[in-house]
Amino acid sequence: MIYLKTDEEIELLRENNILVSKTLAEVGRHIRPGISTLELDRIAEEFIRAHGAVPAFLGYQGFPASLCISVNEQVVHGIPSSKCVLREGDIVSVDCGTFMKGFVGDSAYTFAVGEVAEDVRQLMEVTKEALYKGTAQAKAGNRVGDVSAAVQEHAESFGYGVVRELEGHGLGRKMHEDPGVPNYGARGRGPLLKEGMVICIEPMINMGTKAVVFERDGWTVRTRDRKPAAHYEFAVAIRKSGPDVLTDFNIIEQAINN
Ligand code: MG
Ligand code: MG
């Protein structure tokens, strides 16, 4: 069941996703060699609560933390840990969710830890570009497959693996609503995008094989070949005027480029 949102509901979703963006910016300011992913999680939880929201991931299907933090070959759903200490050259995908005023925010960003190798930097850039290309297709009258194909084509044109097992989703009062938004697919296929829909587009792109392994911790997803993966996520409202991105990467990028 796809829930169409009113303008007022979309503004509450925007508020949540701006808070997520600010939280990711706060996390990004602290990303450096030597910090553990558990410390980053504490920073995020404190920040979210100080802004009148609760972390949407904490306790979600039993997830034990406020952020999913996935380092290098981890694609998504990494569990923050005091044992996971960031090193120069790592990349770290941070996925964050908030719950406030009855609605959920959900966005993600992949950060570099210091200087990263050129091929890894390209993986990050291309994954973000794939997100932008998918987002450009998120308009009324298009279908989910138009978004999916745009993401897939861009990533695969660089020889990257597009993860099949996980996908984007509708966003509203619940974190995961219909429709599913895969990162691969065919133009003109899938559910029709209508004004008032809010979806999360979240390419998970691997430098090597698209194949992933689900770790025995019950959460972490990593690449089978242990090459790095990147993950960026936007919440997007479908408006008459076109895609209305509710997440703000400028907030994050201003924070980390200072
Ligand atoms: Mg997310
Ligand atoms: Mg999501």
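Leaving aside neighbours within four places in sequence, which residues is Ala65 in contact with? They are Asp41, Phe57, Leu58 and Pro80, where contact means heavy atoms within 4.5 Å. This is a predicted model, in which local features need pLDDT of at least 70, side-chain atom pairs count only at pLDDT 80 or more, and totals for chains, interfaces and linings use all residues. Residues are numbered from 1 along each chain as its sequence is written, chains are lettered from A and ligands numbered from 1 in the order in which they are written, and side-chain values use heavy atoms, with hydrogens and water left out.

**Ala65**

- Ala65 sits in the loop between β1 (54-55) and β2 (67-71); strands (E, at least two residues) and helices (H or I, at least four) are DSSP runs, numbered from the N terminus.
- Ala65 counts as buried because its relative accessibility is 4%; buried means under 20% relative accessible area, exposed over 50%, and partly exposed in between (1.4 Å probe, protein chains only).
- From Ala65 to Gly159 there are 94 residues in sequence and 34 Å in space, C-alpha to C-alpha.

**The magnesium ions**

- The magnesium ion (ligand 1) is coordinated at 2.0 to 2.5 Å by Asp95 (OD), Asp95 (OD), Asp106 (OD) and Glu233 (OE).
- Donors are N, O and S atoms within 2.8 Å of the metal (3.2 Å for Na, K and Ca); water is not among the atoms, so sites may look incomplete.
- Along the chain, the donors of the magnesium ion (ligand 1) follow the spacing D-x10-D-x126-E.
- Distant parts of the chain are linked here by a pair eleven residues apart: Asp95 in strand β4 (residues 91-100) and Asp106 in strand β5.
- Asp95 counts as buried at 7% relative accessibility, and Asp106 counts as buried at 2%.
- Another pair linking distant parts of the chain is Glu202, in the loop between β9 (198-201) and β10 (204-206), and Glu233, in the loop between β13 (229-231) and β14 (234-239), 31 residues apart.
- Glu202 has 6% relative accessibility and counts as buried; Glu233, at 0%, also counts as buried.
- Asp106 coordinates both magnesium ions, ligand 1 and ligand 2, which are 3.1 Å apart.

**Nonpolar cores**

- The largest nonpolar core has 54 residues, and Ile31, Val92 and Val94 have the most contacts inside it.
- A nonpolar core is a set of buried Ala, Val, Leu, Ile, Met, Phe, Trp, Tyr and Cys residues joined through side-chain atoms within 4.5 Å.
- Helix α3 (residues 118-136) gives the most to this core, with six residues.
- Apart from this core lies another, of 16 residues, among them Cys68, Leu171, Cys200 and Ala235.
- Not counting residues up to four places away in sequence, Val92 touches residues including Ile31, Ile69, Leu86, Tyr109 and Phe111.

**Helix α5**

- Phe249, Ile252, Glu253 and Ala255 are buried in helix α5 (residues 249-256).
- These residues are on the same side of α5 because they cover an arc of only 160° around the axis; the arc is that of the directions from the helix axis to the C-beta atoms.
- An α-helix has 3.6 residues a turn, so residues three or four places apart point the same way.
- The buried residues of α5 pack against α1 (7-30), β5 (103-112), α3 and β14.

**Strand pairing**

- Three strands in the order β6-β10-β13 make an open sheet with antiparallel pairing; two strands pair if DSSP finds at least two bridges between them.
- β6 (161-162) and β13 stand at the edges with a single partner strand each, so one side of each is left without a neighbour in the sheet.
- Three bridges join β10 and β13 in the antiparallel sense, and Met204 stands opposite His231 in β13.
- β14 and strand β15 (residues 242-245) pair in the antiparallel sense over four bridges and form a hairpin with two residues between them.
- Arg239 has Gly242 in β15 as its bridge partner.

**Cysteines**

- Zero disulfides are found in a search of the whole structure; a disulfide is a pair of cysteine sulfur atoms within 2.5 Å.
- Cys84 is in no disulfide, and the nearest cysteine sulfur, that of Cys68, is 13 Å away.
- Cys84 counts as partly exposed at 23% relative accessibility, whereas Cys96 is buried, with a relative accessible area of 0%.
- The sulfur of Cys96 is too far for a bond because the closest cysteine sulfur, in Cys68, is 9.5 Å from it.
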